[in-house]
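This report describes the fold of one protein chain from the model displayed below. It begins with a loop residue and then turns to the sheet and the helices.

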Amino acid sequence: MAAMESLIGLVNRIQRACTSLGDYGGDDQAFSSLWDALPSVAVVGGQSSGKSSVLESIVGRDFLPRGSGIVTRRPLVLQLQQTEKGQQEYAEFGHLPRRRFTDFSLVRKEIQDETDRITGQTKQISPVPIHLSIYSPSVVNLTLIDLPGLTKVAIEGQPESIAQDIENMVRSYVEKPNCIILAISPANQDIATSDAIKLSKEVDPSGERTFGVLTKLDLMDKGTNALEVLEGRSYRLQQPWVGVVNRSQLDINKNMEMVAARGNEREYFATSPDYAHLASKMGSEYLAKLLSRHLESVIRARIPSIISLINKSIDELESELDHLGRPVAVDAGAKLYTILELCRAFDRIFKEHLDGGRPGGDRIYGVFDNQLPAALRKLPFDRYLSLQNVRKIVSEADGYQPHLIAPEQGYRRLIEGSLSYFRGPAEASVDAVHFVLKELVRKSIGECQELKRFPSLQTTIAGAANEALEKFRDESKKTVTRLVDMESSYVTVEFFRKIPQEIENIAGNPGLNPRGKPNERENSAPDPTIDRYSEGHFRRIGSNVSSYINMISENFKNTIPKAVVHCQVIEAKQNLLNYFYMQIGKKEGKQLGELLDEDPTLMEKRMQFAKRLELYKQARDEVDSVSWAR
């Protein structure tokens with residue numbers, strides 16, 4: 001008996017805890033429903049089938065609301081617990097855990113009031129169960145779920161879909177494989193038309209989970225009986241049929257005591273010529289004991305699967321809580337530590353993007369390998385070093401006194417003008433890398449799971465990182481601009497020292513043309529002087545400058561990436577949040593708390609998961625203890 005008490009009591013406690021967490025079965029649960037895994041007895045019957053009378057007879061108390069139409073509009077989880085003889089009977093509701101009811105008329109009123117609290121003063125129904133525990137020496141350890149009575153038509157104040165809504169609710173309970181069905185049918189109606197039997201046959205065609213209960217045996221027409229049903233000949237179930245005789249409406253109106261009603265029931269079966277041979281297996285008292293024994297055996301058989309589900313759910317909840325993050329500490333030091341840890345987590349992901357652990361950093365190489373060379377090739381040197389422009393710049397550089405040997409000032413102006421074009425591609429490379437770095441900051445924040453729970457800190461880190469990137473970009477632009485300016489400041493002299501020698505060689509060798517190649521006309525007269533204003537002379541100047549600029553361009557393909565990486569990429573890897581760290585260390589606890597201000601929805605979700613995890617761990621400990629006790 002002690003084992004039975006512990007098993008059924010355990011299920012009762014877990015069911016109450018499940019309801020408090022919003023788990024009362026169904027397929028819309030984020031995790032596997034523990035409620036669905038717990039064996040239970042669902043009481044099913046049509047309106048006026050005597051369902052309420054059967055429950056009251058099992059309990060031995062008047063406590064259920066009565067009236068016309070649909071009286072039960074929320075599932076009532078009725079948990080009976082046997083106490084020692086001599087102790088006072090009392091009832092407790094799950095939503096009023098510290099209040100004991102000894103007046104069962106107040107229990108009836110509280111059921112009605114709690115129903116109205118959810119459904120309002122309407123005839124609507126709700127799937128949210130009411131938990132009622134009754135402690136009495138005269139009850140057996142048993143848990144029953146009283147469901148709304150099946151109906152076929154809607155009454156005034158009810159939606160047209162009420163019949164289907166009730167059937168769907170009842171079906172959601174009885175179709176679960178762990179549910180024991182207590183199908184209530186009146187004996188004075190054809191069993192083939194019983195709503196309870198019809199539904200139970202659909203969800204339990206083998207009859208393995210169904211107990212049949214026949215009510216109103218005393219109201220059958222004279223000369224008829226229900227032996228065909230009770231003995232399983234007209235409709236066979238694997239579980240037994242039990243007949244009961246409840247109080248009549250006249251007995252209820254006269255406030256007949258339940259003890260007297262049970263005595264009348266026993267007398268009816270003992271003296272009935274039709275049912276006397278079945279008297280020991282008839283009546284509400286026998287029904288209660290039968291269900292209690294069966295429920296205990298089912299619970300015992302289901303313990304391994306319940307433990308398995310609990311362990312699986314604990315793993316899922318712990319994983320989800322790790323994903324959501326643990327609650328933030330209260331003191332300022334812990335908050336600062338949390339913020340710094342979150343910053344490091346972000347910084348680690350950002351560096352992985354740059355170093356190749358995650359995608360994105362390769363786009364920086366793409367800037368140097370594709371964008372920069374393409375931009376350098378598109379520079380308008382052909383136009384700038386055209387014959388007309390070279391003549392114009394060289395002539396202007398000579399002023400009123402023409403150059404003597406080589407137009408040095410013209411050369412320098414052409415070089416300086418050409419070098420100025422490099423500023424555009426250099427600065428564009430800086431901006432392109434800056435854009436990539438900003439995008440990697442955005443991606444890193446999005447990929448940092450730890451940061452997702454703190455929107456304010458996300459925004460603050462993004463702002464601080466982008467502010468640092470702006471500074472790195474400014475410094476990088478200054479550096480690449482200096483590279484261009486340095487090329488303008490000092491021309492590579494060795495490159496141009498060959499020019500006077502070439503002119504002398506051409507002047508002293510009539511067989512060579514201005515490009516140092518043999519003349520096509522071997523018999524032409526030698527020209528000891530070079531016309532410094534001829535077209536060939538200006539072409540040669542343009543060609544020399546172009547060669548020099550090409551050399552500089554090749555150098556820039558290497559030096560600009562070096563400068564950009566040094567000033568932007570390396571700085572971002574090493575010092576992206578340094579300034580932020582300095583500022584965050586100066587903030588007070590309240591300011592730190594504002595950065596760790598979580599999304600309320602996320603906080604509520606974590607709290608619910610934590611409560612559910614605590615429930616499952618307690619349930620595991622209790623189930624384990626019961627398992628060892630077996």
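Asn255 lies in the loop between helix H8 (249-253) and helix H9 (258-271); helices (H or I, at least four residues) and strands (E, at least two) are DSSP runs, numbered from the N terminus. The model is predicted: local features need pLDDT of at least 70, side-chain atom pairs count only at pLDDT 80 or more, and totals for chains, interfaces and linings use all residues. Residues are numbered from 1 along each chain as its sequence is written, and side-chain values use heavy atoms, with hydrogens and water left out.

**Loop residues with positive phi**

Most residues other than glycine have a negative phi. Asn255, although not a glycine, has a positive phi of about 55°. Lys216, which is not a glycine either, has a positive phi of about 60° and is placed in the loop between strand E8 (210-215) and helix H7 (227-230). The table gives the exposure of both residues, where buried means under 20% relative accessible area, exposed over 50% and partly exposed in between (1.4 Å probe, protein chains only).

| Residue | Relative accessible area | Class |
|---|---|---|
| Lys216 | 25% | partly exposed |
| Asn255 | 58% | exposed |

**The chain as a whole**

The secondary structure of the protein chain comprises 23 helices and 9 strands. Of its 630 residues, 47% count as buried. Contact means heavy atoms within 4.5 Å; among contacts between residues at least 6 apart in sequence, 80% join residues at least 24 apart.

**The sheet**

An open sheet of 9 strands runs in the order E4-E3-E5-E2-E6-E1-E7-E8-E9, with mixed pairing. Strand E4 (96-101) and strand E9 (241-243) stand at the edges with a single partner strand each, so one side of each has no neighbour in the sheet. Neighbouring strands are turned by 25° against each other on average, direction ignored.

Two strands pair if DSSP finds at least two bridges between them. Strand E2 (residues 76-82) pairs with strand E6 (residues 142-146) in the antiparallel sense over 5 bridges. In this pairing, Gln79 stands opposite Thr143, and Leu78 has Leu144 as its bridge partner in E6. Strand E1 (residues 40-45) pairs with E6 in the parallel sense over 3 bridges, and Val41 stands opposite Leu144.

How many residues of E6 are buried? In E6, 5 of the 5 residues are buried, so this strand is largely enclosed by the rest of the structure. Leu142, Leu144 and Asp146 point one way from E6, while Thr143 and Ile145 point the other way.

**Helices**

The axes of helix H14 (residues 387-398) and helix H20 (residues 535-575) come within 9 Å and cross at roughly 90°; axes are lines fitted to C-alpha atoms, for helices over the stretch in contact, and angles run from 0 to 180 degrees between N-to-C directions. H14 is therefore roughly perpendicular to H20, a class that covers 65 to 115 degrees. Leu387, Val390, Arg391, Val394 and Ser395 of H14 make the contact with Glu535, Phe538, Arg539, Ile541 and Gly542 of H20. These residues divide into 5 nonpolar, 2 polar and 3 charged; Ala, Val, Leu, Ile, Met, Phe, Trp, Tyr, Cys and Pro count as nonpolar, Asp, Glu, Lys and Arg as charged, and the others, Gly among them, as polar.

Helix H15 (residues 408-420) has 13 residues and reaches 18 Å from its first C-alpha to its last, close to the 18 Å expected at 1.5 Å a residue. The expected span is 1.5 Å times one less than the number of residues. Gly410, Tyr411, Leu414, Ile415, Gly417, Ser418 and Leu419 are buried in H15.

Notes. Angles under 35 degrees count as roughly parallel, over 145 as roughly antiparallel, 65 to 115 as roughly perpendicular and the rest as oblique.
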